[in-house]
Amino acid sequence: MSLDHAILGFLREQPASGYDLKTLCFDHDAQHFWTADQAQIYRTLERLQRAGFVSARVRRQRSRPDRTVYSLTQAGSEELDRWTATVTPLPPLRDPFLMQLRFAAGLPDDDLLALLRARRIAVQARLDALRDRVSTEGRGGTREAVLHRLTLESVVATTRATIDWLDDSIDLLSALAEQSRPAPAGSQRRLFAPRPDEKGSTP
């Protein structure tokens, strides 16, 4: 996704300052799927202004520094329409947690399971927050409201799938940890149930 086009999209909805774009747009509206820091936003606004996609107007304020408000130009609107109509490729995956997990074979069983359980708690907290947003912001029948709700529901669906995967992973690794523990003295661990035709098996 292009940060340039995200900013064009927000400015189509309403003119905004760089600070508003950061706090109201990226830190709130798009928080569930995209982030941007303040420096990135201002650099991008300068580039968009040089390209003629946005215009800037300084608003004087009595007790505060002057405020620069950016608006979408006709050229910027056309560029946004061109981009939204373009089929974008799948983004590359970069997940630090999966890289951790890939090389965690040397961890003790308890530490490995603790890592997965901590991740599950964090993902569950995110899911709860997303559900709250869907219940409060996912209302309204306008085209914009429906598309906003769909972005929230997309992240809810992938977050739920991640929790399912974590639960399955915890179950699998717990079973492996149990198998690797030494059997109590005088007992013999059996990893598989006896076949029905084995002697001494219970029907």
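The legends below accompany a set of close-up views of a predicted model of the protein.

**View 1. Overall fold of the predicted model.** Seven helices and two strands make up the secondary structure of the protein, and from the N terminus on these elements follow the order α-α-α-β-β-α-α-α-α. Among the contacts with a separation of 6 or more, 55% are accounted for by residues 24 or more positions apart.

**View 2. Confidence along the chain.** The average pLDDT of the protein is 88, and 89% of the residues score at least 70. Over residues 189-193, however, the pLDDT is below 50, although this stretch has eight contacts in the model beyond near neighbours in sequence. Where pLDDT is low, the predicted coordinates should not be read in detail.

**View 3. The largest nonpolar core, with I7 among its residues.** This core has 18 residues, and those with the most contacts inside it are I7, L11, L21, F26, I41 and L45. The elements giving two or more residues to this core are α1 (3-13), α2 (18-29) and α3 (38-50), and α1 gives the most, with six residues. Once its neighbours within four places in sequence are left aside, I7 is in contact with L21, F26, I41, T44, L45 and L48. Another core, of twelve residues, lies apart from the largest one and includes L127, L152, V156 and I163. In soluble globular proteins, nonpolar side chains tend to be buried together.

**View 4. Helix α6 and the elements that cover it.**

**View 5. Helix α7 along its length.** With 38 residues, α7 reaches 56 Å from its first C-alpha to its last, close to the 56 Å expected at 1.5 Å a residue. The buried residues of this helix are A145, L152, V155, V156, T159, I163, L166, S169, I170 and A177, and what covers them includes α5 (96-102) and α6 (109-137). An α-helix has 3.6 residues a turn, so residues three or four places apart point the same way.

View 6. T159 lies in helix α7 and, because its relative accessibility of 6% is under the 20% cut-off, counts as buried. A polar atom of the T159 side chain lies 2.6 Å from the backbone oxygen of V155.

**View 7. S169 and the backbone oxygen of W165.** S169 is also found in helix α7, which comprises residues 143-180. With a relative accessible area of 13%, S169 is buried, because that value too is under 20%. The side chain of S169 reaches the backbone oxygen of W165 at 2.8 Å.

Methods
Residues are numbered from 1 along each chain as its sequence is written. This is a predicted model: local features need pLDDT of at least 70, side-chain atom pairs count only at pLDDT 80 or more; totals for chains, interfaces and linings use all residues. Side-chain values use heavy atoms; hydrogens and water are left out. Helices (H or I, at least four residues) and strands (E, at least two) are DSSP runs, numbered from the N terminus. Contact means heavy atoms within 4.5 Å. Buried means under 20% relative accessible area, exposed over 50%, partly exposed in between (1.4 Å probe, protein chains only). A polar contact is a pair of N or O atoms within 3.5 Å; within protein, one must be able to donate a hydrogen and the other to accept it, and residues adjacent in sequence count only if both atoms are side-chain atoms. The expected span of a helix is 1.5 Å times one less than its number of residues. pLDDT is the predictor's confidence in each residue, from 0 to 100. A nonpolar core is a set of buried Ala, Val, Leu, Ile, Met, Phe, Trp, Tyr and Cys residues joined through side-chain atoms within 4.5 Å.
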